[in-house]
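Subject: Structure handover and notes

Dear colleague,

Please find below the structure I promised to pass on to you.

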Amino acid sequence: MKQKQPRVEEADEKDLKVQDRPKDWAAGVPGVYHSMKPAIEHMGVERTLKTVLKMNQKDGFDCPSCAWPDPHKRKTFEFCENGAKAVTWEAAPVVIDSDFWAENSITELKNRSEYWLGMQGRLTEPVYKPAGEDHYRPIGWDEAFTIVGDKLKSLDSPDEAAFYTSGRTSNESAFLYQLFSRGFGTNNLPDCSNMCHESSGWAMGQTIGIGKATVTFDDYADADLIIVMGQNPGTNHPRMLTELEACKHTGGQIVAVNPLPEAALKRYKNPQTVSGVAGKGTEMADQFIQVRLGGDMALLQGVSKRVFEAEARNPGTVLDQAFLDEYCEGLDELRSYLLKLDEDTILEATGLRSEEIDELAARYIAADKVIITWAMGITQQKKGVATIKEMINLLLLRGNMGKPGAGASPIRGHSNVQGDRTMGIWEQMPPVFMDALGKEFGFEPPREHGADAVETIKRMRDGEIKAFVALGGNLVSAISDTQVAEKAFENTDMTVQISIKLNRSHLVTGKEALILPCRGRTEIDRQATGVQFVSVEDTVCAVHPSWGSVEPVSENLLSEVAIISRLARATIDGRIDADWEAFEHDYDLIREHISRVVEGCEDYNTKIRQEGGFVLPNGPRDSRTFNTPTGKAVLTVNDLEYLERPEGTLILQSLRSHDQWNTTIYGFNDRYRGIKKGRHVVFINPEDISELGLKDGQNVDVHGVYDDGVDRVLRAFRVVSYPTARGCAAAYYPEANVLVPLDRVAQGSNTPISKQIIVRFEPSNHTAPAEYDSVATEQQPEPDGFPGRTPSGERETVDA
């Protein structure tokens with residue numbers, strides 16, 4: 001039974017508390033507790049069982065949070081804490097009633113946090129904000145589609161519209177959405193990939209011919225060495241920990257490369273094992289390399305240089321020369337460049353000692369099967385593309401491509417973001433796709449490349465894009481340079497959001513604005529021909545079906561497919577050979593078209609119904625074939641460049657707390673990092689705190705240091721003494737986005753560089769300093785030490 005929105009209190013940052021030290025282990029019983037307690041509280045026992053027990057099962061729905069792959073043999077509890085939180089957020093039967101819109105102006109709602117907005121409940125009816133008004137008002141579906149269609153048809157050019165996509169969108173919805181956009185006449189298809197793994201796609205595409213992982217699910221357990229770079233699995237994709245643990249149990253090693261120590265890469269207590277519940281769990285990283293922000297490229301070059309030096313000392317024993325001769329090009333140029341690379345420059349860039357790089361190189365050379373896996377800690381650097389090319393270099397040198405237990409593994413942080421790209425959600429789809437699309441639907445698709453996320457904001461700012469339609473997501477909060485982005489949205493004529501719950505992007509609007517509510521992935525999708533399923537692609541190219549398991553919270557909700565189909569009928573009906581009404585009634589028809597347009601998806605309807613779905617072809621993984629101009633994998637020379645910080649500044653990165661998923665905030669705690677009841681914190685090494693003349697617990701204003709005359713600032717953030725790398729700091733996303741200028745992007749991919757922000761600090765007089773709270777624990781020294789915190793034991797105080 002659906003419920004009205006509850007009373008939700010905002011967090012008061014004056015109550016922010018910091019525990020005595022970060023945690024040194026992850027998951028265990030607290031992971032189960034923090035998964036199930038909110039689920040049962042918000043959904044009840046029956047709805048909880050119908051959702052979490054169906055998540056990631058072969059006859060259930062795909063988790064709406066991360067894109068971590070599923071094992072062939074599923075466990076009963078095939079979900080993690082973050083997945084359970086995502087399902088609770090989506091499937092809780094709390095709804096926003098019609099009175100809400102009259103009672104709350106947009107101006108008033110702008111003062112609310114993302115947490116408060118999301119906790120108001122599910123959206124269940126279309127609402128419309130006319131130009132000049134400060135309230136949304138409920139309208140009918142037909143009126144909503146007419147308003148949007150009329151606006152889009154009134155534009156002087158199709159390129160005055162942009163169609164944004166979130167990674168939660170299914171393959172079927174994504175395929176229809178890009179068809180709608182291109183049938184309308186534009187390639188303006190920005191998506192969340194532009195802000196996360198775009199650097200991975202560019203680097204891998206240019207070197208091995210495909211922008212996807214070259215490993216399978218089973219390869220993780222089979223690897224001799226897994227190098228984990230720029231990611232925090234314990235918070236962002238916790239199910240990955242089980243496979244890292246499997247690697248350890250089969251004799252493999254793990255190296256963690258990160259500016260911050262993360263609890264999950266220290267020790268993992270698997271809650272589905274006796275050791276994880278009653279014992280100490282599994283020690284994870286055999287080596288922790290605390291690299292300076294932006295130093296990953298230099299580290300990789302330093303390791304590759306040592307590989308060449310080892311080969312020179314013992315010719316024919318280190319490089320996989322047979323693999324390099326047959327499958328690769330560029331070896332001599334790379335060797336010449338790296339052997340001349342100055343060691344002092346490498347050490348300065350990384351903040352490491354030579355012995356640490358020597359140890360990593362020795363581990364790499366000793367391992368026959370190596371996986372390098374990474375996430376946004378790498379991709380959101382200025383040299384993110386070049387850094388990933390260096391990963392490919394290192395893997396290729398010893399033939400770690402196209403064999404079991406080895407390969408490149410970008411970890412997609414959003415469910416089906418990879419599938420969206422496969423289905424054509426990209427502003428630069430290649431000619432072969434566009435030719436097939438045009439042939440299938442009897443039209444000539446636009447060929448000029450469209451706008452990505454950053455370029456879309458610029459064109460909105462400049463008045464060139466006048467209508468913005470979003471299929472999910474929260475671009476206002478997700479994109480860099482928050483103040484510029486908000487003004488850009490307000491400069492448009494109309495914004496349209498297809499959404500499940502309220503977020504900031506519903507409040508920073510064009511002159512006119514609409515919210516179109518849709519069903520979630522957890523909900524049963526009944527159409528004229530019966531119950532429908534959708535399909536998604538995970539981070540290792542496996543495509544599988546997803547079936548909703550609970551009744552929708554409202555009968556008035558439409559599916560994403562239905563909304564897209566009706567928008568298309570209101571805007572471009574008859575312009576291309578597409579039966580939009582039939583698509584809404586029967587998703588098999590969409591998949592039939594996909595099978596004839598998307599490479600690797602032939603006979604889609606048959607293959608998707610196989611147990612567990614099917615795996616898309618992958619040349620480097622399957623046959624050591626590379627779709628590059630020469631047909632060979634490319635070893636590349638990348639000039640070393642690293643960020644130097646002026647005196648009195650630090651390099652800051654943005655990151656997620658444990659109680660959030662992208663811009664969705666589930667709560668105000670980050671228990672692994674020891675933060676409670678707040679998010680306005682900046683983590684700084686204690687030596688840097690002292691050097692800058694600051695104090696632990698002090699309130700500061702954090703200023704971005706740029707030469708464009710704009711003062712970008714975070715007000716009243718608490719200094720938290722934390723074991724970050726020297727010269728580096730961290731603050732939560734999306735709050736820290738305000739510090740990143742729109743033009744500061746990764747070379748080649750145009751991804752905002754949220755991991756390399758130069759900041760300075762000034763004392764703030766806005767609020768009281770944070771309260772520090774020592775948690776009762778056993779006294780047990782921390783082996784590696786946490787400077788700036790009082791060492792205490794491993795026992796975690798469980799809080800709600």
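This is a predicted model: local features need pLDDT of at least 70, side-chain atom pairs count only at pLDDT 80 or more; totals for chains, interfaces and linings use all residues.

Residues are numbered from 1 along each chain as its sequence is written, and side-chain values use heavy atoms, with hydrogens and water left out.

In the sheet, 5 strands are arranged in the order β12-β9-β8-β14-β15, and this open sheet has parallel pairing. Helices (H or I, at least four residues) and strands (E, at least two) are DSSP runs numbered from the N terminus, and two strands pair if DSSP finds at least two bridges between them. The edges are formed by β12 (287-289) and β15 (407-410), each of which pairs on one side only. From one strand to the next the twist averages 15°, where axes are lines fitted to C-alpha atoms, for helices over the stretch in contact, and angles run from 0 to 180 degrees between N-to-C directions.

Strand β8 (residues 225-229) is joined to the parallel strand β14 (residues 370-374) by 5 bridges, and Val228 has Thr373 as its bridge partner in β14. Helix α17 (residues 354-366) packs on the sheet, where it touches β8, β9 (253-257), β12 and β14, and its direction makes about 130° with that of β12; contact here means heavy atoms within 4.5 Å. Helix α19 (residues 384-397) lies across β8, β14 and β15, and runs at about 170° to β14.

Val598 sits in the loop between α27 (587-597) and α28 (604-607). Because its relative accessibility is 4%, Val598 counts as buried (under 20% relative accessible area, with exposed over 50% and partly exposed in between, for a 1.4 Å probe and protein chains only). Beyond its neighbours within four places in sequence, Val598 is in contact with Phe175, Thr422, Met423 and Phe433. Of these, Thr422 is 176 residues away in sequence, yet 7.3 Å away in space, C-alpha to C-alpha.

As for the cysteines, a search of the whole structure finds 0 disulfides, a disulfide being a pair of cysteine sulfur atoms within 2.5 Å. Cys247 is in no disulfide, and the nearest cysteine sulfur, that of Cys66, is 19 Å away; Cys247 is also buried, with a relative accessible area of 0%. The sulfur of Cys328 is too far for a bond, because the closest cysteine sulfur, in Cys541, is 20 Å from it, and Cys328 likewise counts as buried, at 7% relative accessibility.
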